[in-house]
Amino acid sequence: MKINNGYVDEPIPQGTDIIKEIERLKKEKNAIILAHYYTVPEVQDIADFIGDSLALSQKAAETDADMIIFAGVHFMGETAKILSPGKKVIVPDLNAGCSLSESCNPEDFAKFIESNPGYTVISYVNTSAGVKALTDIVCTSSNAVKIVDSLPREEKIIFGPDRNLGNYIKSVTGRENMLIWDGACHVHEEFSLEKILELKKENPDAKILAHPECKKTILLVADYVGSTAALLEFANKDDAVKYIVVTESGILHQMMKENPDKIFIPAPPIDSTCGCNDCIFMKLINLKKIYNSLKYKAPEIHIDEELRVRAEKSIRRMLEMS
């Protein structure tokens, strides 16, 4: 086995039915594939479970599989390992990072907390194990408002690392005692309000669905704001037939599968040649890498036990509150 540039770089035998082989290997090794909505369609289609960060965290905590193949980014694999230390957790390509997580390193975040004593620390799940270990409660875009609302009104809160999500929560909950870390997701930060309004002008009957990691100017023109899973649920239940979707383009695959009679238009970024906005990290995960990860049980996520125990407390608190 050869791990090259963060993933198992082994050729697949000619004539291999890769999907059948993935299914066979899953059974042989008692493995489960968890995939995020932002991965490529063919990865979503072979997953045992597809979801957003909250649902994937919950599934990772409850699965009885011996091995978790996490078709997502690195912090998601870390979260699964934190919750299931006895399981083998694999991320098919360790290069699948996260711009938001990388915008908040543990050393700087620790200094920020130390300079603001007396604050409850709430961190978005899109963070490293090191940041989670400094955190009182982890949250996702699905449950962030609920978690903040559950705390006493007078409680002072540090929220990190996404400034757009933090400011959205602050506006929805009316909390003035929130300090917000200055981080952002490269996908949601780059949507073009001007191009979205042009799409709306061309499609006046379309509803705008936006993720709360988007900038405030975009959230103000949205008909509905919610997590990835919430956007999907809204599209499933709503009676409109056309939507402009302002989040990572991978979710359109599930939206179209579940609503074949509806039209979903991906919102474009400021600088785009393809007309959609992709997470470069999520798109690193493909069927070949999943096959090799199952076959060779690599590359595996490892976390120092002392760090894992500290990080687990903040995640468990979130799961208890969800």
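**Entry 1: asparagine 292**

I began with asparagine 292 and found its place in helix H15. Helices here are DSSP runs of H or I with at least four residues, strands are runs of E with at least two, and both are numbered from the N terminus. This is a predicted model, where local features need pLDDT of at least 70, side-chain atom pairs count only at pLDDT 80 or more, and totals for chains, interfaces and linings use all residues. Residues are numbered from 1 along each chain as its sequence is written, and side-chain values use heavy atoms, with hydrogens and water left out.

Is asparagine 292 buried or exposed? I looked it up: asparagine 292 has a relative accessible area of 0%, so it is buried. Buried means under 20% relative accessible area, exposed means over 50%, and partly exposed lies in between (1.4 Å probe, protein chains only). Leaving aside neighbours within four places in sequence, I noted that asparagine 292 is in contact with Val8, Glu10, Lys297 and Ala298. Contact means heavy atoms within 4.5 Å.

**Entry 2: the sheet**

Next I traced an open sheet of four strands, in the order E4-E3-E5-E6, with parallel pairing. Two strands pair if DSSP finds at least two bridges between them. Strand E4 (49-51) and strand E6 (88-90) stand at the edges with a single partner strand each, so one side of each has no neighbour in the sheet. On average, neighbouring strands of this sheet are turned by 20 degrees against each other, direction ignored.

I then checked E5 (residues 67-71), which runs parallel to E6 and is joined to it by three bridges. Isoleucine 68 has valine 89 in E6 as its bridge partner.

Which strands does helix H4 lie across? Helix H4 (residues 74-83) lies across strand E3 (31-36), E5 and E6, and runs at about 155 degrees to E5. Helix H15 (residues 287-296) also packs on the sheet, touching E3, E5 and E6, and its direction makes about 165 degrees with that of E5. For these angles, axes are lines fitted to C-alpha atoms, for helices over the stretch in contact, and angles run from 0 to 180 degrees between N-to-C directions.

**Entry 3: two packed helices**

I turned to helix H3 (residues 53-62) and helix H16 (residues 305-321), which pack at an angle of about 105 degrees with their axes 11 Å apart. H3 and H16 are therefore roughly perpendicular to each other, a label for angles of 65 to 115 degrees (under 35 is roughly parallel, over 145 roughly antiparallel, the rest oblique). From H3, the contact is made by Leu54, Ser57, Gln58 and Ala61, and from H16 by Arg316, Met318 and Leu319.

**Entry 4: alanine 96**

I found alanine 96 in the loop between E6 and helix H5 (99-102). Alanine 96 is buried, with a relative accessible area of 0%. Not counting residues up to four places away in sequence, alanine 96 touches Gly72, Val73, His74, Phe281, Leu284 and Ile285.

**Entry 5: the core**

Which residues touch the most other members of the largest nonpolar core? Of its 95 residues, they are Ile122, Val246, Ile290 and Leu294. A nonpolar core is a set of buried Ala, Val, Leu, Ile, Met, Phe, Trp, Tyr and Cys residues joined through side-chain atoms within 4.5 Å. Apart from that core lies another, of seven residues, among them Cys104, Phe109, Val121 and Ile158.
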